[in-house]
Amino acid sequence: MKITINIDQNTAETSLVLTCRQLTPQVEKLLAAFRIIDKQIAAKKGDSVCLLDLNEVFYIESLERSTFFYTANGVFESEMKLYELENQLAAYNFIRVRKNTICSLQKIKALKAEANRKIKITMENGYQIIASRMYADELRKKLGVK
């Protein structure tokens, strides 16, 4: 891959031009990384591809080799793997709470201690997620609760 950077003092806005022979999975991952910088992520709803604002995402769940974004406007599907999203979204206050779930710390409404050190998370949309013991301590640490 060849990378060229042009610095122009007269440019009003930074732009990115990507030239490729075809849209490969590697190119799509590269584009996804740049969108995340702008707090947006591409996801599908039906036949349409939408750019979701990360501030609108309550949680992300991986089910049967598919990844789903849950927002107030519905459920969207992504081609990205959960571990890829976890790494990219950590800087935007997303945290893994289960083997198959990442949630937005900003969208948590309430926490309730459960048996066996699990935590019941109530999101702003009313949906409840159980944080497993494996991830509960890190959740408590991030939120500053005991």
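Biologist: Let's start with Y59: is that residue buried or exposed?
Modeller: Keep in mind that this is a predicted model. Y59 has a relative accessible area of 3%, and under 20% counts as buried, so Y59 is buried.

Biologist: OK, and how many aromatic pairs are there in the whole structure?
Modeller: A search turns up two. In one of them, the ring centres of Y59 and Y70 are 4.3 Å apart with the planes at 10°, so that pair is stacked. Y59 is in strand β3 and Y70 in strand β4, so the pair ties together parts eleven residues apart in sequence. Y70 is buried too, like Y59.

Biologist: What about the rings of Y59 and Y127?
Modeller: Their centres lie 5.0 Å apart and their planes are at 15°, so they're stacked as well. Y127 sits in the loop between β9 and β10, so here the parts tied together are 68 residues apart in sequence. Y59, Y70 and Y127 make up one aromatic cluster.

Biologist: Switching topic: which ring does the charged end of K45 sit over?
Modeller: That's F76, with 5.0 Å to the ring centre. There's also K107, which lies over the face of F58 at 5.1 Å from the ring centre.

Biologist: How many bridges link β8 and β9?
Modeller: Five. I108 stands opposite M123 in β9.

Definitions and conventions:
Residues numbered from 1 in each chain as written. Predicted model: local features only at pLDDT ≥ 70, side-chain atom pairs only at ≥ 80, totals over all residues. Heavy atoms only, no water. Pairing = 2+ DSSP bridges. Helix = DSSP H or I, 4+ residues; strand = E, 2+ residues; numbered from the N terminus. Phe/Tyr/Trp six-rings, centres within 6.5 Å; stacked < 30°, edge-to-face > 60°. Buried < 20%, exposed > 50% of the residue type's maximum accessible area, 1.4 Å probe, protein only. Lys NZ or Arg CZ within 6 Å of the ring centre and 35° of its normal.
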